[in-house]
Amino acid sequence: MMLEQLNDTYQRSLDQLQNARTSETLETWYRQTLGRKGDVTQLTRQVGYLGPEDRPAFGKRVNEVKKELEAAYQQQLVKVRTAELEAKMAADGLDVTLPGRRYSRGRLHPATQTLREIYRIWGDMGFQIYRSRDVETDEFNFELLNIPEHHPARDLWDTFHTTEPGIILRTHTSPGQIHAMREYCPEPIRVILPGMCYRYEQITARSEIQFNQVEGLAVGKSISMADLKGTLADFAKRMFGEERKIRFRASYFPFTEPSAEMDVECMLCNGDGCQVCQYTGWLEILGCGMVHPTVLRNGGYDPAVYSGFAFGLGPERIAMLKYGIEDIRLFWGNDLRFLEQF
Ligand code: PHE
């Protein structure tokens with residue numbers, strides 16, 4: 001009796017399935033037939049009411065029915081879906097003249113672009129890139145650069161300290177001078193040392209707590225202040241163009257003697273004076289000087305025989321000048337509206 005009922009249900013479900021023409025009817029059919037409360041599922045549960053002699057035959061048939069309906073359902077599903085897709089394509093068509101979807105491309109950060117330009121120029125001038133560490137010791141960042149513990153110049157370079165005593169984030173790329181000298185001594189040196197520097201500063205439009213620097217170092221016999229000026233003037237020509245004027249101003253750094261700063265004629269106002277150059281017509285782009293004898297000695301070179309010059313320039317500063325960027329904080333703000341302009 002129940003076997004009969006099962007076969008009836010099977011036949012009826014199969015007919016209904018064959019007549020289902022849309023995904024929605026198919027879904028409903030599935031729920032009503034093979035779903036948790038579906039007809040076939042309900043019947044399966046009836047097994048318990050059968051006598052032991054009828055159970056095997058019924059159980060076997062129930063499994064067959066389930067399998068067959070499941071397979072028939074999958075077949076019908078493919079048929080219906082294909083038909084639906086074809087109908088949709090026939091109705092909507094495909095407009096091949098619509099513009100494609102744009103994909104966004106990555107690009108180099110403006111600081112990286114400027115750094116690479118700087119590397120290229122110094123590379124052309126015979127300088128190698130020397131990589132030096134971001135995490136430094138107090139000794140390298142200060143002591144060996146002729147800035148002893150209570151020296152007032154330290155105030156200019158307040159920095160981040162680690163929990164390890166004497167281990168700090170470098171405040172400038174100058175400690176790399178010592179590393180390079182100790183590695184190359186007694187050979188002559190011509191290197192640039194690029195990288196991030198960190199200072200514990202109030203963040204303003206002109207200063208950030210992190211920024212790049214490119215240090216330069218030349219050590220050899222009979223290197224003079226004239227070489228320093230000539231080399232930096234040549235760099236400025238290559239970087240800013242033949243016509244751009246530069247000037248040197250006397251300055252002070254504990255690790256160079258004499259020391260100077262180099263200004264470039266403001267490119268936004270061509271020297272007339274504007275807000276960016278604070279109405280001076282000049283913009284400072286680097287600090288420089290002849291390597292202090294103490295620093296040469298700390299690097300292993302005898303200052304009676306060797307001399308050298310060093311400089312430290314700010315790539316973000318240069319990028320600001322080149323592109324007329326007014327706020328240094330834009331560099332690390334990660335705002336795509338800014339970054340995508342380069
Ligand atoms: N280290 C100096 C600074 O951070 C720049 C500098 C480098 C000056 C090398 C002279 C020589 O301001």
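The largest pocket in this predicted model holds about 800 Å³ of space. It's lined by 35 residues, and β8 gives the most to that lining. The other thing to look at here is how helix α2 packs with helix α4.

**The largest pocket**

- If you want to find the middle of the largest pocket, look for W157, R199, F211, Q213 and E284, which lie nearest its centre among the lining residues.
- Several elements give two or more residues to the lining: the strands β5 (210–220), β7 (256–265), β8 (282–291) and β9 (307–313), plus the helix α10 (315–323).
- From β8 come six residues of the lining, the most from any element.

**Helices α2 and α4**

- Helix α2 covers residues 23–33 and helix α4 covers residues 55–92; the two pack with their axes 10 Å apart, at an angle of about 165 degrees.
- That angle is over 145 degrees, so α2 counts as roughly antiparallel to α4.
- The crossing of the two helices, α2 and α4, is left-handed.

**Who touches whom between α2 and α4**

- On the α2 side, the contact is made by S23, L26, W29, Y30 and T33.
- On the α4 side, the residues in the contact are L69, E70, Y73, Q76, L77, V80 and E84.
- Taken by class, the residues of this α2–α4 contact split into seven nonpolar, three polar and two charged.

Note on methods:
Residues are numbered from 1 along each chain as its sequence is written. This is a predicted model: local features need pLDDT of at least 70, side-chain atom pairs count only at pLDDT 80 or more; totals for chains, interfaces and linings use all residues. Side-chain values use heavy atoms; hydrogens and water are left out. Axes are lines fitted to C-alpha atoms, for helices over the stretch in contact, and angles run from 0 to 180 degrees between N-to-C directions. Helices (H or I, at least four residues) and strands (E, at least two) are DSSP runs, numbered from the N terminus. Angles under 35 degrees count as roughly parallel, over 145 as roughly antiparallel, 65 to 115 as roughly perpendicular and the rest as oblique. A crossing is left-handed if the near helix is turned anticlockwise from the far one by less than a right angle, and right-handed if clockwise. Contact means heavy atoms within 4.5 Å. Ala, Val, Leu, Ile, Met, Phe, Trp, Tyr, Cys and Pro count as nonpolar, Asp, Glu, Lys and Arg as charged, and the others, Gly among them, as polar. On a 1 Å grid over the protein atoms alone, a cavity is a set of points where a 1.4 Å probe fits but cannot get out, and a pocket is an open set with protein on both sides within 12 Å along at least five of seven lines; lining residues have an atom within 4 Å of a point. Grid points are joined across faces, edges and corners, and a volume is the space filled by probe spheres set on the points.
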